[in-house]
Amino acid sequence: MNAVLIALLALPLAGAAVTLAPVFGPDAAAADRRALRLNSVVTGVVLVLTAVLAAGFDHDEPARMQATTDVSWIPAIGVRFHLGVDGISLPLIVLTALLTFLCALYSEKRLPAGAEVPSARAFVGLFLLLEVGMLATFAVLDLLLFFLAFEIVLIPMYFLIARWGSGAKAPAANRFILYTLLGSAVMLLGFLLVGSKAGTFDMQALAAAHGNGLSHTTQVVAGLAIMVGLAVKAPAWPLHSWLPDAHTAAPTVGSVLLAGVLLKMGTYGLVRVLLPVVPDGTATLAPYLGAFAAVGIVYGSLACLALARPGAKGDLKRLIAYSSVGHMGFVLLGIASLTQVGVNGALFANIAHGLITGLLFFVVGALKDRYGTADLDTVAGATGGALYGRAPRIGALLAFAAVASLGLPGLAGFWGELLAMFGAFDPAEGLSRPAFVTYMVMAGLGTLLTAAYLLVVVRRVCMGDPKQPAPVAELADLRPYEAVSWTPLAALTLLAGLWPALLLGLSDPAVKHLLGGG
């Protein structure tokens with residue numbers, strides 16, 4: 001199985017390298033088609049390998065690191081090429097492989113408009129390089145290797161926004177790269193401090209030590225640096241301001257991967273690195289993380305309500321971006337509780353958000369393609385968009401994703417938020433229970449506000465009189481390639497909601513292992 005894990009990373013890297021070679025023929029149009037087909041084939045094989053990895057995973061011991069590879073890489077500074085998966089990382093690897101494959105299929109039929117030829121080859125090369133970085137982030141077990149994987153994704157995503165985006169794409173891409181690079185630099189300082197004091201960068205060895213050998217001051221300083229760097233990517237309020245612009249400008253597949261995977265890299269790092277490596281420092285910082293999470297939940301919901309009201313000229317992609325600030329606040333609140341139930345809720349909410357928000361961005365991207373804009377006032381018109389009457393399948397999928405996002409019981413969005421709030425209700429020993437109960441109440445208010453703005457969006461876009469003049473002459477309903485790309489996300493949203501043990505059975509023993517000392 002370790003060979004399978006290595007192949008997961010090597011295959012898309014080789015595919016990205018192939019796009020640089022003159023093997024697609026002199027005909028530009030045919031070369032673009034072949035490049036896009038290569039993208040679908042490579043990401044499809046990666047998804048199959050991921051399924052093999054999941055099937056070969058020992059589900060009786062999800063807390064044990066499996067499919068491991070551990071060889072010396074840079075002996076001078078003790079960096080090792082150390083890979084492995086457990087019950088925490090495996091679902092995120094599967095989610096990443098699934099979303100990249102669905103985005104590749106979607107792009108084969110709906111490639112975003114590029115700057116110049118050869119647009120498709122450059123797009124595919126960057127797309128596959130992005131997949132390498134995302135998968136590696138969830139598979140590496142060395143702090144410096146984690147930092148390297150964390151950084152690999154930045155340049156491809158920058159160019160996907162700057163070149164294949166729309167609107168104010170250059171400023172949005174610049175803000176994205178500046179925020180994330182600065183955050184990564186701060187995170188690296190924390191890693192170097194931990195490695196220099198502990199004598200190793202190996203994440204398993206550091207987790208097993210559980211802070212032994214690191215003074216309280218070292219843990220607090222290193223924990224703060226690591227937390228700030230990861231919070232930028234999460235994104236936590238008030239370090240979130242790069243996200244709405246990036247989502248608004250990004251192409252559809254860029255938004256799907258940005259929300260579905262890149263945001264999870266930050267919260268995954270908090271669980272994988274912060275909780276077991278510097279536990280005393282994390283306990284000191286947890287109340288502040290919980291406070292920022294609670295404010296972010298309410299802030300994101302209020303921002304969405306403001307964008308959803310008539311006359312606000314609110315962009316639907318921007319609205320979903322602000323909703324991500326709120327939803328990821330639940331993830332951060334669960335982590336801040338430092339409890340087994342809260343961290344499990346955070347990990348569940350991570351997966352649920354990737355599925356639901358990925359579907360939302362797909363649907364809104366399709367609406368933008370059809371209307372030429374994602375402006376809510378334009379799409380809704382004067383009396384409502386009447387999507388139920390004009391494009392009933394797209395309308396049904398939008399409504400399904402919206403009610404899943406607001407946390408309807410029976411769908412994936414419910415369990416993560418519930419468990420995160422339950423963790424805040426009874427936080428770990430040493431944390432202020434009145435403070436965390438206050439955070440829980442704010443999170444509960446956030447769920448009400450979330451339901452309010454999502455129902456407003458569904459009412460304005462899906463309802464109305466289809467006989468009224470439409471903003472566009474003809475509105476095509478669900479196309480075959482859209483159905484293929486979106487249906488798996490809707491099905492998994494329902495499956496995770498009805499069978500939460502599918503994910504919790506993997507994460508719970510692994511979380512207990514991490515919180516108990518690696």
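**Entry 1: the largest pocket.** I began with the largest pocket of this predicted model, and its volume comes to about 450 Å³. I then asked which residues lie closest to its centre. Of the 19 lining residues, they are Pro 91, Val 94, Leu 492, Leu 502 and Leu 503. Next I looked up where the lining comes from: helix 2 (28-56), helix 3 (89-109), helix 14, helix 20 (480-498) and helix 21 (501-515) each supply at least two residues. I sorted the lining by class as well, and got 17 nonpolar residues, two polar ones and no charged ones.

**Entry 2: cavities.** How many cavities of 30 Å³ or more are there? I noted four. The largest cavity has a volume of about 120 Å³. I found 14 residues lining the largest cavity, and those nearest its centre are His 327, Ala 349, His 353, Gly 413 and Glu 417. Two or more lining residues come from each of helix 13 (316-336), helix 14 and helix 18 (412-425). Helix 14 gives the most, with six residues. By class, I wrote down seven nonpolar, six polar and one charged for this lining.

**Entry 3: helix 14 and a partner.** Helix 11 spans residues 252-277 and helix 14 spans residues 340-371; their axes are 7 Å apart, at an angle of about 170°. That makes the two helices roughly antiparallel, because angles over 145 degrees count as such.

I went through the contact residues too. On the helix 11 side I listed, among others, Thr 252, Ala 259, Gly 260, Leu 263, Lys 264 and Tyr 268. On the helix 14 side I listed residues including Val 343, Asn 350, His 353, Gly 354, Phe 361 and Phe 362. The contact residues divide into 10 nonpolar, 10 polar and one charged.

Entry 4: Last, I looked at strand 1 (residues 66-74) and strand 2 (residues 79-85), which run antiparallel and are joined by six bridges. Which residue of strand 2 is the bridge partner of Gln 66? I found Val 85 there. The hairpin has four residues between the strands, and Gly 78 takes a positive phi near 75°.

Note on methods. Residues numbered from 1 in each chain as written. Predicted model: local features only at pLDDT ≥ 70, side-chain atom pairs only at ≥ 80, totals over all residues. Heavy atoms only, no water. Axes fitted to C-alpha atoms, helices over the stretch in contact; angles between N-to-C directions. Parallel < 35°, antiparallel > 145°, perpendicular 65-115°, else oblique. Contact = heavy atoms within 4.5 Å. Nonpolar A, V, L, I, M, F, W, Y, C, P; charged D, E, K, R; others polar. 1 Å grid on protein atoms, 1.4 Å probe; cavity = no way out; pocket = protein on both sides within 12 Å on 5 of 7 lines; lining within 4 Å. Points joined across faces, edges and corners; volume = space filled by probe spheres on them. Pairing = 2+ DSSP bridges.
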